[in-house]
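Here is a short briefing on aromatic contacts. Please keep the structure open while you read.

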Amino acid sequence: MASREPRIRLDLNNPVFQDQLLTLPKEERHAALDTLKTIRQLTWNQLYRHPGIRWEKIKSVQPPTGIDAVYSLRINQSRRATAHRDGDFMRFLTIAPNHDATYGQR
């Protein structure tokens, strides 16, 4: 019997992420929640190949102490979030106001 790869577990407890998620306009917030539902159904290997989410390592931003790397992902049509992997967990950090802000640019 082959072992099944576990699904991604979400950590949405970062206060900055929560504030940014909850203050999105209604349509954007609902789209972001749909993306989070999708992510919960994926394994990490599926996420890495998912064409709509676009999990990408951010090389232009120094990760916080204790975090190997920070990644960006599409959270809705117009915004990207930042997160990092911690075992089976995807721990969310921020939702950028625009695409360039995700990568430390203005």
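The model is predicted. A search of the whole structure finds four aromatic pairs. Two of them are set out here.

**Phe 17 and Phe 92**
- Phe 17 and Phe 92 form a tilted aromatic pair. Their ring centres are 4.9 Å apart, with 35 degrees between the planes.
- Phe 17 lies in helix H1 (residues 15-22), and Phe 92 lies in strand E5 (residues 89-95). The pair therefore ties together parts that are 75 residues apart in sequence.
- Phe 17 is buried, with a relative accessible area of 0%.
- Phe 92 is buried too, at a relative accessible area of 2%.

**Trp 55 and Tyr 71**
- The ring centres of Trp 55 and Tyr 71 lie 4.6 Å apart. Their planes meet at 15 degrees, so the pair is stacked. The cut-off for stacked is under 30 degrees.
- This pair links distant parts of the chain, 16 residues apart. Trp 55 is in the loop between helix H3 (44-49) and strand E2 (56-57). Tyr 71 is in strand E3 (residues 71-74).
- Trp 55 has a relative accessible area of 12%. That value counts as buried because the limit is under 20%.

**Cluster**
- Trp 55 and Tyr 71 also belong to one aromatic cluster with Trp 44 and Tyr 48.

**Charge over a ring**
- The charged end of Arg 91 sits over the ring of Phe 89. The distance to the ring centre is 4.5 Å.

Conventions. Residues are numbered from 1 along each chain as its sequence is written. This is a predicted model: local features need pLDDT of at least 70, side-chain atom pairs count only at pLDDT 80 or more; totals for chains, interfaces and linings use all residues. Side-chain values use heavy atoms; hydrogens and water are left out. Rings of Phe, Tyr and Trp (its six-membered ring) pair if their centres lie within 6.5 Å; planes under 30 degrees apart count as stacked, over 60 as edge-to-face and the rest as tilted. Helices (H or I, at least four residues) and strands (E, at least two) are DSSP runs, numbered from the N terminus. Buried means under 20% relative accessible area, exposed over 50%, partly exposed in between (1.4 Å probe, protein chains only). A charge sits over a ring if NZ of Lys or CZ of Arg is within 6 Å of the ring centre and within 35 degrees of the ring normal.
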